[in-house]
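Subject: Handover of a model

Hello,

Please find the structure below, followed by notes on what was found in it. Comments are welcome.

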Amino acid sequence: MTGPVDLWLDLKSPYSFVAKDPAYALEKEFGVTVRLRPFHLDIMSGVDRNDPAALQRGMRKIRYLYADVRRFARGQTILGPKKIFDTRLVHMAWLFADKTGNGRAFIDLAYPRFFKRELDYEDRAAIEALLKAAGVDPAGFEAFTKAEGPELLAGHQQAAEAAGVFAVPTFVVDGELFWGQDRIDLVRTKLRTRIAT
């Protein structure tokens, strides 16, 4: 086996949520490391917010996407949020948790709470409470969000764009992109090929 499999996620993306557990399963199945990485998804990019018809089309698309993702949800609750959240703060908290080896614990708690509408990704106190729940001391998080955090986040975004990532969830295996949670079988095929060579 060669390098890790990168999985680019946005914590506001329901498709990322349903990709997470199958991605974990790849590690057991293939003995590969799956590296979870944050990617800021601009859901309304390309939508003219001053054009009521364009906004309506954008909202229809979002409603459809939530109906669609529930088909893949395996019993998980996925409620559409009441607004489009800015995930920079929660992504920085993820990176802060990752420094102590608790990034996955943080993600595993964040996703279900967010999609049950129990967690506001823009509420600093709620994010610090989530860090504690994931076993991370939030002392230093405020300072992290003012210096190292934004730089780390920008570095991940630049790395994603350099790899060709444009949406989430995106798996990257040996430089090849697989966009969507429904591409997991193609990722498996790629990993089988990697083992065979």
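In strand β3, Phe 171 is the bridge partner of Leu 7. The strands involved are β1 (residues 5–9) and β3 (residues 170–173), which pair in the antiparallel sense over 3 bridges. Two strands count as paired if DSSP finds at least two bridges between them; helices (H or I, at least four residues) and strands (E, at least two) are DSSP runs, numbered from the N terminus.

On the source: this is a predicted model, in which local features need pLDDT of at least 70 and side-chain atom pairs count only at pLDDT 80 or more, while totals for chains, interfaces and linings use all residues. Residues are numbered from 1 along each chain as its sequence is written, and side-chain values use heavy atoms, with hydrogens and water left out.

The sheet

The sheet is open and has 4 strands in the order β2-β1-β3-β4, with mixed pairing. Its edge strands, β2 (34–38) and β4 (176–179), each pair on one side only. On average, neighbouring strands are turned by 25° against each other, direction ignored. Helix α8 (residues 184–196) packs on this sheet and touches β1, β3 and β4; its direction makes about 10° with that of β3. Contact here means heavy atoms within 4.5 Å, and axes are lines fitted to C-alpha atoms, for helices over the stretch in contact, with angles from 0 to 180 degrees between N-to-C directions.

β1 and β2 run parallel and are joined by 5 bridges, with Val 34 of β2 as the bridge partner of Val 5. On the β4 side, β3 and β4 run antiparallel with 4 bridges, and Phe 171 has Phe 178 as its bridge partner in β4. These two strands form a hairpin with 2 residues between them. Asp 174 is partly exposed, with a relative accessible area of 43%; the classes are buried (under 20% relative accessible area), exposed (over 50%) and partly exposed (in between), with a 1.4 Å probe and protein chains only.

Of the 5 residues of β1, 5 are buried, so this strand is largely enclosed by the rest of the structure. Val 5, Leu 7 and Leu 9 lie on one side of β1, and Asp 6 and Trp 8 on the other.

Ser 16 lies in helix α1 (residues 14–30) and counts as buried, at 0% relative accessibility. Its side chain reaches the backbone nitrogen of Asp 10 at 3.4 Å. This is a polar contact, that is, a pair of N or O atoms within 3.5 Å; within protein, one must be able to donate a hydrogen and the other to accept it, and residues adjacent in sequence count only if both atoms are side-chain atoms. Beyond its neighbours within four places in sequence, Ser 16 is in contact with Leu 9, Asp 10, Tyr 111, Val 168 and Pro 169. The peptide bond from Val 168 to Pro 169 is cis, with omega near -10°. Pro 169 lies in the loop between α7 (148–163) and β3.

Helix α5

In α5 (residues 124–133), the residues Ile 127, Leu 130 and Leu 131 are buried. Seen down the helix axis, the buried residues fall within an arc of 105° (taken from the directions from the axis to the C-beta atoms), so they line one face of α5. They pack against α3 (88–98), α4 (103–115) and α6 (141–146). The face turned away carries the exposed residues Ala 125 and Lys 132. At the start of α5, a side-chain oxygen of Asp 123 reaches to within 3.0 Å of the backbone nitrogen of Ala 125. Just after α5, Gly 135 takes a positive phi of about 85°.

Cores

A nonpolar core is a set of buried Ala, Val, Leu, Ile, Met, Phe, Trp, Tyr and Cys residues joined through side-chain atoms within 4.5 Å. The largest has 50 residues, and those with the most contacts inside it are Leu 26, Phe 106, Tyr 121, Ile 127, Phe 141 and Phe 171. Its largest share, 8 residues, comes from α3. Another core, of 7 residues, lies apart from it and includes Phe 39, Leu 41, Val 165 and Val 168.

Regards
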